[in-house]
Structures are given as structure tokens and as C-alpha cells.
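Look at the sheet pairing first, then at the charged side chains. The paragraphs below follow that order.

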Amino acid sequence: RGPDAPFASTVAGMLRSVGSLTLRAARALEPRGRRSFRQSYLAMDLHAHTKGAHDAYTPGEKGDGYYSQNTRGCFEVVMNAKKEIMSCLEKQKAPAGSYNIADFGCADAGTSMPMIYDIVKELKNRNPSQEVCVHYEDQVTNDWLSVFNHTQGLIAGGPKPYVRDFSKVFVQASATSFFEQCFPSGTINLSMSFTAMHWLSDHPGKLKTALHHALAEKNETQKISAMAAKDWERILTHRANELASGSYLVIVNFATDEKGQFLGHTVPSYSEGKLEAGACRESMHGWFNKIWAEFRDKGKITQEEYDNCVFPNYYRTREETLAPFQDPNGPVAKAGLKLVSADCRVVPCLYRAKWLNGESKDPKAHAKEYVPTTRTWSNATFYSALDSSRPAAERETIVDELFLRYEEEVAKCPEHHGMDYVHMYVVAQKM
């Protein structure tokens with residue numbers, strides 16, 4: 001994500017002029033060959049600022065919905081915001097024209113579709129003739145074909161498509177970065193984002209002590225925390241400008257809670273020597289760092305490649321999340337955005353839960369099922385850290401080996417590994 005390179009700006013500008021991303025355009029933007037990335041040369045050119053370090057990992061057939069199929073926990077994360085979203089609808093007066101919903105950082109759209117289905121259903125219950133338009137936003141290199149396949153009900157076993165069950169419901173898409181204003185001022189009635197706005201607009205630079213800021217020493221993280229603060233203020237200001245008066249913004253963002261917990265790193269809790277559900281002894285980011293360092297020490301990667309591997313995202317604390325709302329003279333307040341609520345919650349890893357309740361029994365099979373949910377969003381960070389002089393196949397093999405090593409570690413003690421989600425649920429209103 002972030003300000004696009006020149007070619008990306010040209011493409012995004014063309015798409016904005018059309019007003020929506022068509023299926024033909026989505027296919028034209030798809031890289032050729034193996035889709036173990038979007039770490040294709042096209043993607044590298046499109047995102048020169050981060051070298052494609054936060055593009056989704058979507059191997060397999062084009063448009064098959066791989067991301068949502070392998071990010072199952074996000075469905076629960078999204079539905080965990082239903083109470084807040086329905087409360088927003090209850091307090092809101094429906095517009096005379098179309099009710100416009102925006103979903104920022106939508107990926108392949110699958111994980112938010114059950115929520116959007118419920119929103120559309122509620123709107124139609126109140127007014128059967130209400131027109132609804134769902135606007136999906138993500139970067140140019142997104143798996144747009146899966147977005148349209150999901151929304152049109154073309155993926156077997158996928159979420160129920162709201163366009164088939166309700167009349168006068170429309171789908172559009174924008175490839176403009178959410179670090180910019182994506183929709184006309186005052187047009188959005190409900191703005192949402194789930195697990196997306198922790199990504200940064202630029203690469204944060206090198207860290208010496210970890211691959212992720214959450215595990216790095218504090219004296220190393222000043223630059224990345226300052227960048228995250230500016231990005232957050234910028235994001236909120238643009239979302240405020242897009243909202244119609246009286247409309248709501250709901251953002252569910254990765255966070256660091258008051259216990260120091262964050263994604264894949266939750267505080268162990270023992271009772272009579274038994275690990276309690278909802279807490280993992282092993283840290284996912286910790287193991288990423290250990291294995292990448294192991295590759296360096298064995299000569300599989302260079303020291304420079306180890307140093308280049310830094311996740312361009314930030315897990316904000318409660319204080320950092322609330323800061324833009326608390327400055328009465330800041331751009332967020334001036335744009336008319338007011339905080340309604342902010343609540344940090346942990347959603348336990350569903351894969352680990354399957355192991356603990358006995359649904360998963362074979363350690364190796366369990367690890368093979370679990371690890372892809374950690375790879376859909378992290379693969380590109382490792383790939384982009386490898387020297388571009390290496391052949392693409394060699395870089396792909398190294399990253400494959402990284403996740404195979406992680407599988408080996410998970411299989412040793414599945415009960416101690418999991419990707420628990422730690423999110424801040426934020427609701428704000430445009431006054």
C-alpha cells in the first residue's frame with residue numbers, strides 16, 4: 001500500500017476516471033505465471049516504495065479466493081464488530097438516494113461478505129426499495145478477480161452473495177491507496193476496514209534486533225512509530241472527508257494491548273501445569289525471526305538480506321490509536337470526525353482451538369493447515385528482502401523453505417503455537 005509508483009499512478013488514475021474496476025481491467029492487471037506472488041516484477045514496479053513487501057500471497061488458480069480460504073480467523077474478527085456496526089445503522093438516518101458502503105483493504109472481499117450481507121439485509125428490512133452500493137478498495141496488485149468472483153457467487157463454498165438475494169445492490173471497486181481520498185467528499189454512509197490499516201505508507205527502514213517493530217528494542221522504533229502516527233492521522237482525515245454528515249467509520253486494526261500482546265504473541269497462562277486456551281507459549285513473529293536468522297547463519301541468505309526484512313506495518317497501542325481524536329486543533333477534529341468508542345479484543349486462533357479440542361489430531365497435518373494463515377500476509381515481506389539478482393525461482397524456494405521450517409516447529413508442539421488476533425475496534429462519527 002501507499003503512494004503508487006508512476007506506472008501505478010497512471011493505472012489508478014485511469015481506473016478512477018472510469019469510476020469502477022471492471023472484470024476486464026482486473027484480468028489485465030493480473031501477473032502472468034506462478035502466482036506465489038504478486039511478488040512479480042509488475043508488483044515490484046507498482047510498489048517501489050516497499051518493494052511489494054505487503055502484497056497478498058495468493059498461489060493457485062486466478063480468482064479462486066485463496067486468501068479468504070486460508071485466513072479463516074478473519075471471518076470471526078469481522079463478525080466480532082457486528083454489534084458496533086448494527087448500532088451505527090440504528091442511530092443513522094438512511095439517505096434519500098443510494099446507501100454507500102466502503103470496505104477498505106478488502107483483499108479478495110470474502111472475509112467481510114457475511115458482515116456486508118447482514119448490513120444489506122438490515123437496510124432492506126427497513127426500506128425494501130433502498131438502493132445500496134458496496135465500494136471495495138485495495139491496491140492495484142490486489143486479487144480483484146477473486147473480489148468479483150466472491151461478490152457474484154462464483155466461488156464454490158464461498159460466502160453467500162448479497163447481490164443474488166437482494167435487488168438494487170451494486171458493487172464497485174477502487175484501486176486508489178487508502179492513504180489518499182478514495183471516494184468523493186460526503187458520499188460514504190458507512191466506512192469500514194478490517195485488518196488493513198496497520199500497513200504503512202513507506203518502508204520503515206532497517207531494524208537490528210527483530211523483523212517486526214513489536215519485538216524490536218524501543219530505541220530502534222522511533223522512526224517507525226512516528227511514521228505510523230502520521231499515516232494514521234492521514235488515513236482518518238481522508239475517511240472523514242469521504243463520510244456524509246452523521247455517518248460512521250468502523251476500523252478493526254491490529255494493535256498492541258495493555259499486556260503487550262499482539263498478533264501471534266499472546267501472554268501464556270497456566271493452571272496446574274496446563275496451558276489455558278487463548279494463550280500461546282510460542283511467538284509467531286519470534287519464530288519468523290529465529291528461522292530467518294538461522295538461514296543467515298547457515299549462509300542461505302546474506303546479512304544484508306536478513307537486515308532488509310522488516311515488516312512495513314505497525315501495531316498501535318490504545319494511546320496511539322486515540323491520539324488523533326484527542327487533538328482539538330488537529331486535522332481529524334477539523335474534518336469533523338469524533339471518536340465514539342475504542343475497545344481492544346483478542347480473538348483466539350481457530351486453528352489452535354481445533355487442536356486443543358481434538359478436532360485436529362495429526363501434528364504434521366495440523367501444522368500444514370495452520371501455517372498458510374500466517375503466510376497469506378507475510379510471504380511478500382520475506383520475498384522482497386531477498387536480493388533481486390537472485391532468480392525468482394530461487395527466491396521463491398527460500399521463502400517456501402522458511403514456512404516449511406515453521407511447519408516443523410509447529411508440529412513439534414501444536415498446543416503452544418497459534419496466531420491469536422489482537423485488534424482495536426474503533427468507531428467514529430462524522431459530525
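**A buried strand and a charged network**

Strand 8 (residues 337-347) and strand 9 run antiparallel and are joined by 10 bridges. Helices (H or I, at least four residues) and strands (E, at least two) are DSSP runs, numbered from the N terminus. Two strands pair if DSSP finds at least two bridges between them. This is a predicted model: local features need pLDDT of at least 70, side-chain atom pairs count only at pLDDT 80 or more, and totals for chains, interfaces and linings use all residues. Residues are numbered from 1 along each chain as its sequence is written, and side-chain values use heavy atoms, with hydrogens and water left out.

Strand 9 also pairs with strand 5 (residues 243-254), antiparallel, over 7 bridges. Val427 of strand 9 is the bridge partner of Ser341. Val427 is also the bridge partner of Val250.

Strand 9 (residues 421-430) is largely enclosed by the rest of the structure, because 10 of its 10 residues are buried. Buried means under 20% relative accessible area, exposed over 50%, partly exposed in between (1.4 Å probe, protein chains only). Tyr421, His423, Tyr425, Val427 and Gln429 point one way; Val422, Met424, Val426, Ala428 and Lys430 point the other.

Now the charges. The structure holds 19 salt bridges, each a side-chain nitrogen of Lys or Arg within 4 Å of a carboxyl oxygen of Asp or Glu. Arg405 and Glu409 meet in one, at 3.1 Å, N to O. Both lie in helix 19 (residues 392-412), 4 residues apart, about one turn of the helix. Glu294 and Lys298 form another, at 3.7 Å, yet Lys298 is exposed at 65%. A network of salt bridges links Glu294, Lys298, Arg405, Glu408, Glu409 and Lys412.
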